[in-house]
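Have a look at it first, then read on.

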Amino acid sequence: MSSTHAAKMRNFATALHALKEDDRLRCLKPRAGVDFSSNDYLALASAPRMKMAVVAALEAGTPVGAGGSRLLRGNCEEHESLEADAAQFFGAKTALFFSGGYFANFAVLTTLPQRGDLLVLDSLVHASIHEGARAGRAQFRISDHNDAQSVEDKIRDWRVKGGTGRVWIVAESLYSMDGDFAPLKDLVAIADRHDAFLIVDEAHATGVYGRQGRGLTAPYEGSENLLVVHTCGKALGAAGALVTCTRVLRDFLVNRCRPFIFATAPPPLMAVAVREALSILQEEPERQQRLAKLVAFTHREIRLRGLRSPSDSQIVPYITGDNAHTMRLASALQARGFDIRGIRPPTVPAGTARLRISLTLNVREGDVSEMLDALVEETWGDSR
């Protein structure tokens, strides 16, 4: 290895060492223990109906892979059937299937907002949204988290300074690390008032909230200025993402979205799995009901034990603030048989390291009680 290459490798090693010193070095760990870390909220990832649907599709001749982009030979009947069913299910004009939520957010934000437009992003939106905004053509501003007035102020300030393009407001309906909900009613009103588009990432709400799991945007679906990303790899138990929007925006994505045009289409088998998941949402409403009951139970038990969490959703953060303390606590709970992971900056803001406890139908109320008892024991005397 040349001295130049060796120096470059040392740079990588130095960066990794700095992460380790700050207790932020990541590593891959196998699944182990009771599931308090996945996003498989409705336990569909291993549901018998999902497995049978995929097996039946294989036996009927559905290919494993698409073999090309959607604009070439990769456009399969399974994709189109899913998109038609999804549009009807969510109450949208149309739907377009992407291979994942990160991919969908990045694709939308690098395609639809144009040069001269303004993006207003909630400060805590997903990394894929920030990356899409940075890579796109439009200017962007960051609004205070869940602060509708801050969104309005960013728009007015931009207009006062000469901004004349279209405004795009971007939020998550349910935030993945804090478990709190966006003020959607206020954001819809702001979008209407400023002739703006509203883009909502429903990743953690699809399947869990709204009638039959249609999400928190369900009352607004079909609006000309609304675009929604429904991730399929969480409560829907599969993979991919469905973007619901107007026909014009869908056609523009098909014609101008480089991540869509130049990527191999999602596996047709995943389209089959997602379509089955949508059927399960409609035919097995008890899953959504059972999860709601588990969430309510958990938050009651948290309060009874004197613990603190800012959430009342299925995402329960236990914020310690300290990276090393968070990872020690996560390790202690894992050793006791609970799969709980520590989340540190930059995934969350500096000083807000936390355990992210996720509630799914893969656990029972007894598991929750035992986990919370263990958390109390491990944090006994913890002033945080």
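Buried means under 20% relative accessible area, exposed means over 50%, and partly exposed is in between (1.4 Å probe, protein chains only). This is a predicted model, where local features need pLDDT of at least 70, side-chain atom pairs count only at pLDDT 80 or more, and totals for chains, interfaces and linings use all residues. Residues are numbered from 1 along each chain as its sequence is written, and side-chain values use heavy atoms, with hydrogens and water left out.

- Q288 counts as buried, because its relative accessibility is 18%.
- You'll find Q288 in helix α11, residues 286–304 (helices are DSSP runs of H or I, at least four residues, strands are runs of E, at least two, and both are numbered from the N terminus).
- Leaving out residues up to four places away in sequence, Q288 touches L42, G207, V208, Y209, G210, Q212 and G213 (contact means heavy atoms within 4.5 Å).
- C232 sits in the loop between β7 (226–231) and β8 (241–245), and is buried at a relative accessible area of 0%.

**A helix pair**

- The axes of α3 (residues 77–90) and α10 (residues 268–283) come within 9 Å and cross at roughly 25° (axes are lines fitted to C-alpha atoms, for helices over the stretch in contact, with angles from 0 to 180 degrees between N-to-C directions).
- That makes α3 roughly parallel to α10 (angles under 35 degrees count as roughly parallel, over 145 as roughly antiparallel, 65 to 115 as roughly perpendicular and the rest as oblique).
- Residues making this contact include L82 and F89 of α3 and V274 and L278 of α10.
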